[in-house]
Amino acid sequence: MLNVKNLKVKVADNNELILNGIDLSVKKGEIHAIMGPNGSGKSTFANVLAGKPDYEIVEGEIYFLSNLINELLPDERSHMGLFLAFQYPSEIPGVRSFQMLKASIDAKKEYYKEKKLSVREFAKLYDSKVKEMGMDIELTKRSLNFGFSGGEKKKNEILQLSILDPTLAILDETDSGLDVDALRTVADGVNAMRSVERSFIIVTHYQRILNYIVPDFVHVLVNGKIVKSGTKDLAIDIENNGYEKIISELGS
Amino acid sequence: MVSDIILNRFKNLYEPNSKFDKKIKEIKFDGWKNFNNHGLPPSSHTSELWKYTNFSKLYNSEFSKTSKKDLELEFTLFDKRKDWNTIYIVDGFYDEKKSIISNEIVLENALNLKNLKYLSNQFGSIAINSENEMIALNSSLMQDPILVSIRNSNKINNLQIIIVNSGENSQSSSFPRLFVEFSPNTKSNIVEMYVNFADNTNKNLTVPVIEYFLREKSEVSHKRIQIDQGNSYYFQFDRILQNEESRFKSTSFSFSGLLSRYDIHSDLHGINSDCSFHGLYITDKNQHQENEISTTHSVERCSSDQMFKGILAGKSRAIFSGKVLVKKNAQKTRAFQKDLNFLLSKAAEVDTKPSLEIYADDVECSHGATAGNIDKNMLFYLQSRGINKDQATSMLIRGFAQEIIEEFQDELLIEYLEKLLDEKIPILDVEGIM
């Protein structure tokens with residue numbers, strides 16, 4: 001599904017590396033958690049996978065479904081089935097969720113030269129997903145993410161995830177700023193999407209979300225490099241002992 | 001004194017022996033006197049008002065007279081609304097044949113005021129000659145002034161005012177002039193539209209002046225659309241006088257021409273009155289759009305707000321000059337101003353100057369202005385959802401405009417404007433920004 005090899009990344013006008021040689025392999029149906037202290041490069045990694053133009057790949061390769069995607073635009077990656085749930089979803093004035101997602105689906109159909117959904121067909125799909133997520137239909141009539149609470153923004157990301165139906169979903173600190181109820185709703189949404197055909201990368205600072213979405217593998221990112229990998233027990237270890245223990249082990 | 005060359009040029013257009021009503025003729029003479037003293041702008045007392053306007057091309061142009069004519073022009077948009085009162089002013093002349101006036105409103109022309117004689121003292125007192133050179137020019141050269149009175153307070157009165165430049169004469173000049181009275185307790189929808197049929201080689205000058213006289217407790221929802229995009233000069237003045245407990249809510253949309261200026265002012269003259277001026281301006285290529293938006297709080301307990309948005313592409317330039325004057329006695333005033341701009345190209349330029357001039361001490365006022373480019377994070381967000389950069393850019397511009405478009409609250413106009421935006425936004429010149 002995803003193969004990242006020796007990925008080194010910097011921001012355009014600064015020579016300092018933010019990602020310093022990441023290797024990661026995600027197979028079909030797997031859930032990987034990427035954990036790390038603040039500033040370790042977790043969010044950068046998520047954004048680089050999605051193709052954010054602020055970053056420059058200095059070295060290394062990203063293969064998605066056996067295609068080298070280093071140079072692909074974010075929209076092309078999306079068409080291939082890659083999805084990023086944002087840590088801070090943008091508020092977009094005058095653009096409604098329905099309208100954006102219809103444009104997304106249309107673009108994808110166009111890309112694969114398939115027949116587009118009619119507005120009615122899309123509305124049916126959209127309404128059923130909104131209902132599934134237990135979202136307030138009034139929110140979806142507003143400008144995207146405008147006046148949404150933190151929890152509503154994250155739910156809205158998961159709504160998009162379920163409608164766009166990707167093969168690889170990257171969740172960038174989706175748990176941050178969520179209360180327990182919202183966290184559970186979001187996790188339920190993700191769990192409902194789990195399948196042998198779909199993989200997840202869950203980027204998080206805390207172990208908490210991993211109680212609800214149980215990962216197959218856990219990786220610890222420090223200074224732009226994966227320094228330790230393991231199973232969900234590693235996450236529990238971090239919860240108990242903090243990142244300090246791992247970092248000090250590195251030094252020794 | 002005005003240079004002889006310019007004066008002589010306009011002298012050819014001036015007709016001192018018009019058969020207008022005596023009072024209206026006085027305004028005309030007064031306008032001409034003012035024009036003789038000050039000429040085309042700017043003059044010493046208005047230089048601040050015209051700070052950004054480049055008149056050089058206008059000064060070098062010679063304009064011709066228009067004549068009253070009977071043209072078959074297509075207005076599919078407005079012809080759909082047979083139940084609206086519709087005033088067509090073609091090249092400065094009232095087109096009686098095309099216009100539709102129900103017996104619920106009274107309309108007279110300046111040749112014979114008949115039932116509206118009582119308004120002759122108000123005419124020219126809301127748009128004042130000495131205030132602005134272009135108003136004086138309009139008074140001097142107005143071809144066919146129209147007075148209207150809206151009186152029915154039992155229903156909502158709908159009136160469309162369509163100002164047309166037919167493009168029939170080259171280098172033509174026209175000076176539409178209207179005075180509209182709203183009787184007490186009336187509610188009205190006013191749609192003002194400017195349409196220019198002239199092609200790009202035809203540089204014409206259009207200077208409309210409209211006076212709106214709101215009597216107590218009258219309410220006006222004012223929607224204005226200026227579609228120019230031609231190679232012409234356009235200076236429009238809306239002047240409003242509001243009496244007690246009146247409301248004037250204006251939403252404006254300007255697609256600029258070579259040099260366009262929209263100038264709206266309301267005098268909140270009766271307590272508890274309220275006015276709001278909202279608008280959107282879009283400029284591209286070498287177009288120039290000025291927005292001179294002003295409110296005077298003359299008495300206490302009134303509120304006003306101004307909210308304009310600009311979208312600028314190409315090498316275009318826009319100006320937002322928002323003014324709120326709160327006079328000494330105007331206590332308990334509430335006044336808000338905002339101007340937000342979206343710059344789509346490196347060469348586009350906006351000058352935004354919101355200003356408050358406050359002489360009362362018990363007021364609540366605020367103002368602000370911004371100018372920015374396309375937000376990269378928003379763009380990435382949409383792209384990550386599979387929407388390509390061009391389409392995402394269009395969506396963001398469209399979204400920015402949408403807030404104002406929705407304020408039109410008129411299905412036909414919204415549909416028309418949305419269609420227009422869908423066509424125009426993708427072809428705006430966004431060179432050099434991304």
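Me: What is the strand order of the open sheet of four strands in chain A?
Reply: In this predicted model, the order is β2-β1-β4-β5 (chain A), and the pairing is antiparallel. Residues are numbered from 1 along each chain as written, chains are lettered from A and ligands numbered from 1 in written order. Local features need pLDDT of at least 70, side-chain atom pairs 80 or more, while totals for chains, interfaces and linings use all residues; side-chain values use heavy atoms, without hydrogens and water.

Me: Why are β2 and β5 of chain A placed at the edges?
Reply: β2 (17-26) and β5 (67-68) each have a single partner strand, so one side of each lacks a neighbour in the sheet. Strands are DSSP runs of E, at least two residues, and helices runs of H or I, at least four, numbered from the N terminus.

Me: Why is helix α6 of chain B called largely enclosed?
Reply: Seven of the nine residues of α6(B) (residues 376-384) are buried, so the rest of the structure largely encloses the helix. Buried is under 20% relative accessible area, exposed over 50%, partly exposed in between (1.4 Å probe, protein chains only). Among the buried residues are B:Phe380, B:Tyr381 and B:Gln383. At the start of α6(B), a side-chain oxygen of B:Asp375 comes within 2.9 Å of the backbone nitrogen of B:Asn377. After the helix comes B:Gly386, with a positive phi near 95°.

Me: What makes chain B as compact as a globular protein of its length?
Reply: Chain B has eight helices and 21 strands. Its radius of gyration (over C-alpha atoms) is 21 Å, close to the 22 Å of the globule rule for 434 residues, so it is as compact as a globular protein of that length. The rule is 2.2 Å times the number of residues to the power 0.38. Buried residues make up 62% of the 434 in chain B.

Conventions:
A polar contact is a pair of N or O atoms within 3.5 Å; within protein, one must be able to donate a hydrogen and the other to accept it, and residues adjacent in sequence count only if both atoms are side-chain atoms. Two strands pair if DSSP finds at least two bridges between them.
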